[in-house]
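Here is a briefing on one protein model.

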Amino acid sequence: MNIVFVLFPNVTQLDFTGPLQALSRLPAATIHIAAASMAPVETDATLTLNPTTVFGNCPPADVLVVPGGFGVDEAMNDPALIAFVRREGARARYVTSVCTGAFVLGAAGLLEGKRATTHWAYHVDLPRVGAVPVKARVVRDGNLFTGGGVTAGIDFALTLAAEIAGEEMARAIQLALEYDPAPPFDAGAPEKAAPAALAAMERRYAPRREAFRAALTRALST
């Protein structure tokens with residue numbers, strides 16, 4: 001099974017590395033990390049990532065995974081990347097995204113009429129790419145699996161692993177990763193956050209969302 005991750009500059013590294021860690025443990029899985037070139041790809045957290053293939057040479061995807069990050073602004077407007085996602089999404093057994101990677105799928109026309117989720121700060125924009133927004137950590141609609149923001153990528157990957165290889169295997173992967181979350185605060189979603197914290201994050205995301213929405217408008221106008 002070819003599991004293809006799509007990389008682009010300024011990707012959120014945990015959107016990529018969380019699912020990668022889980023899905024790479026599936027039996028008979030072959031991981032391909034596809035990018036525009038073989039040059040290391042910068043992330044939003046200092047770490048750089050090394051592609052294993054370029055878009056033009058990537059084997060056909062059985063599973064297509066698109067992570068998110070601030071780099072989606074440029075990714076949505078990259079004709080070569082969107083053409084690759086559209087091509088692979090049309091033939092993949094599973095089409096998936098984490099966080100704002102959903103908007104890359106949307107720019108490629110793969111979310112039309114589909115139930116989907118994304119990071120809470122951008123959830124309201126899902127209808128712009130034809131999606132039906134669902135507030136959940138993981139949403140499935142047919143062969144489409146979408147994960148919420150960042151850490152939801154691990155939940156997404158285990159859900160997808162159960163679909164591909166069965167619940168017993170997914171449970172074993174979860175145990176191997178010791179994924180047993182017990183966060184120190186119950187503040188990981190807007191409805192759970194303290195008002196002051198939510199207001200601070202809303203202020204922080206306001207200019208970011210403005211830039212994102214402008215980029216999305218450009219992507220949808222082509």
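The points below go through the core and then the ring pairs.

This is a predicted model, where local features need pLDDT of at least 70, side-chain atom pairs count only at pLDDT 80 or more, and totals for chains, interfaces and linings use all residues. Residues are numbered from 1 along each chain as its sequence is written, and side-chain values use heavy atoms, leaving out hydrogens and water.

- Phe84 touches Val4, Val6, Ala34, Phe55, Cys58 and Leu64, not counting residues up to four places away in sequence; contact means heavy atoms within 4.5 Å.

**Aromatic pairs**
- There are seven aromatic pairs; rings of Phe, Tyr and Trp (its six-membered ring) pair if their centres lie within 6.5 Å, with planes under 30 degrees apart stacked, over 60 edge-to-face and the rest tilted.
- Phe55 and Phe84 are stacked, at 4.7 Å centre to centre and 25° between the planes.
- Both Phe55 and Phe84 are buried, meaning under 20% relative accessible area with a 1.4 Å probe, protein chains only.
- Tyr122 and Tyr205 have ring centres 6.1 Å apart and planes at 85°, so this pair is edge-to-face.
- Tyr122 is buried, and so is Tyr205.
- Ring pairs join Phe103, Trp120, Tyr122, Tyr205 and Phe212 into a cluster.

Notes:
Buried means under 20% relative accessible area, exposed over 50%, partly exposed in between (1.4 Å probe, protein chains only).
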